[in-house]
Amino acid sequence: MTTVLQGIAFADAWRVMAPEMVLTAAGFLLMLIDAALPPAAKRAGVSTGVALIALLVAGVLALRRFGQTAALGPGSYLLDDYALVFKLLFMGITLLILLLSLDDHGRAEGARGEYTYLLLFATVGAMVMASSADLVTLFVGLEILSVSSYVLVGLRRSSKSAEGAMKYLVIGAIASACVLFGMSYIYGVTGTTHLAEAGYTLFQAWDSYRGIVVLGLLLMLAGFSVKISVVPFHMWAPDAYEGAPTPITAFLAAASKAAGFAMLVRVFLYAFASHFPEWGGLWVGLAAVTMVAGNLLAIVQRNVKRMLAYSSIGQAGYLLVPFAVLTGAYHGGNLYQDMSALYFYLAAYALMTAGAFAVLTVVAKHARSEDVDAFTGLFRRSPLLAGAMAVFLVAMAGMPLTSGFAGKFFIALGAINTGYYWLAGLMFLTSVMAFAYYFGLVRRMYLQEPYGPAESWRTPAAAALVVVVALVGTIGLGVAPGVMMHSLPGLNWFGQ
Amino acid sequence: MAPIGSFLALAAILFCIGLYGALTKRNIIIVLLSIELMLNAANLNLIAFSRLGVSANVAGQVFGLFSMTVAAAEVAVGLAILIALYRNRNSTDVRDMNLMKW
Amino acid sequence: MHVATLWVVLIPFAAGLISWLAPRDSRSLPRAAALLGSLVSAVLVGAMYLGYDRAAGGSQFAFSRPWFTVGDALADMPLTVTFGFGVDGLSLPLLALTAVVGFTAVWASKGIRNRTNEYYGWLMILLAGLYGVFASTDLFLLFFFLELILIPMYFLIGIWGGAERTKAAAKFLIYRGLSSIGIVVAFFGLAYLAGKIGGDMTLDVAALTRQLHGGAAAAQSAPVAGALFLLLLAAILVEEALVPFHTWLPFAHAQAPAPVNMILGGVVVKTGAYLFLRVAAGMMPAMVGRYAVLVAVIGVLNILWAGLIAFVQSDWRRLLAYTTISHMGIFLLAAASMTPAGLQGALFVAVSSGLLTALLFAGVGLIGERAGTVDMAGLGGLSKPMPYVSGLLLAGALGSLGLPGMGQFVGEVLSFSGSFSVFPRLSAFGIAGILLAAVYLLRAMQRTTFGPTPATKEHLRDGTVGEVLPMVLLLIAVIGVGVFPAVIGHTAGAALAALAAGIGG
């Protein structure tokens with residue numbers, strides 16, 4: 001496996017990883033701008049503008065690659081539709097987050113250059129994770145995302161922010177170490193860091209090195225579980241979410257989690273597919289525990305950010321279902337169906353999360369509080385915000401007419417199809433449990449009058465744009481899920 | 001040459017010590033050191049496999065180089081956050097990080 | 001392709017949106033939009049009722065478009081969900097019920113004074129959802145609308161209700177939310193069952209009914225089908241607010257404003273009855289046959305239990321809630337017999353009980369507005385100051401206890417003639433329950449309208465023409481059904497006969 005060290009022509013690299021290259025270049029450019037420009041100019045939102053342009057360019061480049069397959073090295077870094085759909089998702093989320101970070105006058109909040117370029121680097125890390133089919137690149141991508149996120153969480157000048165960042169860093173680093181340690185075992189047994197080759201070797205080596213392979217697998221499973229905040233590896237999430245600047249919280253909940261799933265599916269499908277029955281059940285169990293615990297813990301929260309954090313843990317449980325039930329998918333068709341269901345829900349969930357956090361950002365700014373009380377009587381202060389928030393909450397609860405319902409429907413179909421009736425039932429049961437806190441907030445917004453005078457709250461244009469985009473997406477995907485669901489299963493997922 | 005088993009055992013022991021330290025120690029600096037220990041245990045594994053594994057090759061050492069770089073970045077960020085925290089609270093004790101619970 | 005059915009759902013929805021866009025707390029525009037929307041959709045339903053080809057039967061005025069397809073839902077089988085609307089003998093009577101109750105409830109909403117634009121908006125969305133439930137020809141769509149109802153109901157109870165409105169709204173939401181799990185699992189289960197035995201996976205109502213009927217006797221007796229049926233039955237018990245899952249209904253009724261009560265007791269509760277006829281009896285007749293005794297016992301239990309509890313109620317709204325529950329008990333007893341007469345009776349009971357419940361709630365709402373209370377302890381002798389309202393209320397009560405000439409009488413006669421042939425002893429208990437209803441309703445009437453008029457109540461104003469109009473309309477409807485039972489019997493006859501044939505073979 002010396003190929004990693006071989007030279008790679010720029011043209012090949014450009015073909016496979018053009019979007020990543022554009023974003024990385026933009027990130028470095030921003031670093032230079034940040035150092036060179038006087039503070040007054042920095043406040044003018046130049047950096048956000050550059051970042052937005054870079055994202056758009058990268059997005060167009062990614063769109064043009066659909067249907068193609070290529071690889072760098074002997075398949076260490078892949079260009080396939082699986083990677084592309086995830087990359088588009090990450091870039092879309094980052095775009096929304098950047099918009100959300102602008103304040104009333106189009107300036108970046110806090111106006112710190114590092115905010116923007118760290119966000120870009122984090123996006124690049126996530127994109128690397130989606131494309132990697134090699135343990136080394138995978139680990140590097142994971143760390144680019146993680147390290148950038150640690151800093152982003154700690155950017156607010158508050159004690160809570162630093163505390164959240166510290167907790168995130170410690171738990172995240174432990175998880176990384178677990179992943180790395182597990183990877184080292186897999187490398188040791190197979191003699192390769194390349195996932196597909198490792199999978200081929202493991203097919204035979206599984207029984208001869210059973211103990212060490214299972215140990216490696218479990219360590220990686222634990223590490224990944226931390227990254228996607230699956231119960232019982234979720235403890236960092238509420239603290240990091242609460243401490244982080246709100247747009248970053250949205251980024252963690254949407255993009256970071258999606259990247260975790262992209263990596264998880266790639267690794268387990270490529271490397272461990274031959275022995276599905278041995279570990280499939282573990283994920284089923286984790287999915288079940290996660291949706292119950294996440295939704296239960298969300299009920300008792302009073303800080304809206306923490307509530308959304310626990311709710312996002314519960315959502316991670318739903319997202320695990322299509323992956324977990326792959327155990328029963330004996331032929332390709334089902335695999336693509338389940339992948340489509342997973343991706344559909346990820347996209348739907350990213351939109352509602354971005355929207356909900358956008359509303360929270362505006363409300364928290366006006367009320368100077370993230371407590372549920374800040375939402376009391378919101379319909380009097382801002383009908384747009386209250387209505388949009390209600391739609392996002394109802395979508396998270398999985399009510400019809402929203403993307404949340406369609407997404408859960410596809411996931412449940414996959415579960416039923418593979419015989420996991422109870423898992424499908426549990427999904428709907430926990431959704432009803434979740435009514436308790438989602439509708440608790442809806443009740444505050446609509447059924448109670450605001451405390452104090454009901455002055456109306458203005459929504460900054462950029463935040464309003466994010467809310468409207470998320471609203472259109474959430475309702476659009478709920479009314480016409482076919483738009484996405486019909487094209488996804490036909491994608492050239494893994495370049496076969 | 002020592003058999004690979006002893007290297008693996010050493011790495012496993014180091015990893016466990018690191019994990020124990022990271023989860024139980026109260027001083028953040030010790031916690032960061034423990035994490036470093038875990039990462040280095042993994043590196044030891046990689047190097048051992050790369051020399052003495054079933055199909056020994058250089059990829060493990062390359063992997064090790066990458067992970068050392070990454071570990072350095074991680075700890076640097078950890079220390080930076082620790083400084084920010086220390087400015088706020090004058091303490092490096094985990095028990096003082098209690099603004100948020102549940 | 002007929003778009004008429006589609007419009008029935010879309011028009012109230014559009015009216016709701018218009019009402020929402022009106023300035024906050026403005027009264028005339030939202031009310032006009034809602035009245036117009038409900039009237040136009042009611043006229044459309046009426047036109048379809050008259051235009052329905054009874055000789056041909058089946059689903060007519062159908063509008064169907066593929067909505068989305070799930071590629072490999074079961075092994076290699078795709079599942080196509082259609083955006084399908086249509087009417088048939090079963091759905092038409094319930095659509096007509098929705099039309100009448102919906103329009104009268106909008107009319108009766110004049111007393112709502114705060115946040116009116118939102119109120120009419122939610123009310124019209126609720127109507128659209130109810131029309132959607134009865135007009136869907138795809139189970140996915142049906143479930144979709146069933147869930148959609150929860151949201152407007154939640155707000156209607158929670159914002160414009162009484163002192164404990166938030167709790168009542170939450171309780172409504174939790175109960176119906178839980179029941180929707182049972183419904184959705186049963187629906188998907190049926191689709192899979194059809195896919196496994198019929199080779200074609202579908203959620204289309206007609207196709208499912210055909211597949212589960214044809215050559216599927218073996219599969220129908222499968223334990224899976226039994227579990228699905230029991231699950232669905234439990235969900236239907238919640239939807240119809242039957243003992244032991246009934247507690248949400250009296251609570252919600254006691255808190256909700258009168259027009260919302262009209263729709264809640266008149267139509268929302270009847271969705272459970274529709275589900276029973278459409279899905280349980282239509283697609284799993286063998287299972288209804290197997291569990292017939294269980295269903296009938298639950299029915300009789302409800303008639304008796306609701307009758308006894310109603311005795312001790314002094315709040316009119318709670319009393320009416322139990323009346324509805326007892327009507328639904330009759331429905332279940334009659335439907336369990338699966339005889340043509342029993343099924344006809346069941347449908348009759350569902351429709352006439354809906355009309356009567358709405359009528360009674362309209363009257364009680366008016367009394368509450370004038371007298372400030374609907375507790376019998378604080379009322380009495382109202383026939384003197386409010387003769388018209390008292391008279392209409394009396395007519396409703398008499399109809400409700402089965403006075404000949406009104407719809408309920410026809411329904412009960414048919415119901416019991418059907419159920420006696422199958423469960424003679426149980427039906428005898430059921431009749432006893434009907435007698436209970438006569439006693440408690442007359443007693444309530446007597447305490448409210450007769451006797452000496454308290455000094456505080458002497459100067460109450462009677463209902464104006466505009467205020468009693470909804471009650472008059474509902475009374476005409478229920479008498480119409482009673483005098484010309486063929487209006488329903490003829491329309492639904494073929495569909496019900498097909499249901500009964502499902503078990504008789």
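Residues are numbered from 1 along each chain as its sequence is written, while chains are lettered from A and ligands numbered from 1 in the order in which they are written.

**Confidence**
- The predictor gives the complex an ipTM of 0.94 and a pTM of 0.88.
- Helices (H or I, at least four residues) and strands (E, at least two) are DSSP runs, numbered from the N terminus.
- Where pLDDT is low, the predicted coordinates should not be read in detail.

**Contact of chain C with chain A**
- Chain C gives 27 residues and chain A 25; contact means C-beta atoms, placed from the backbone, within 7 Å.
- On the chain C side, strand S1 (60–74), helix H5 (139–160) and helix H6 (165–198) each give two or more residues.
- H6(C) has the largest share, 11 residues.
- This side divides into 19 nonpolar, 5 polar and 3 charged residues (Ala, Val, Leu, Ile, Met, Phe, Trp, Tyr, Cys and Pro count as nonpolar, Asp, Glu, Lys and Arg as charged, the others, Gly among them, as polar).

**Helix pair in chain C**
- H10(C) (residues 248–255) meets H15(C) (residues 316–337) through residues including Leu249(C) and His253(C) on H10(C), and Leu320(C) and Ile325(C) on H15(C).
- The residues of this contact divide into 7 nonpolar, 1 polar and 2 charged.

Key
This is a predicted model: local features need pLDDT of at least 70, side-chain atom pairs count only at pLDDT 80 or more; totals for chains, interfaces and linings use all residues. Two residues are in contact if their C-beta atoms, placed from the backbone, lie within 7 Å. Axes are lines fitted to C-alpha atoms, for helices over the stretch in contact, and angles run from 0 to 180 degrees between N-to-C directions.
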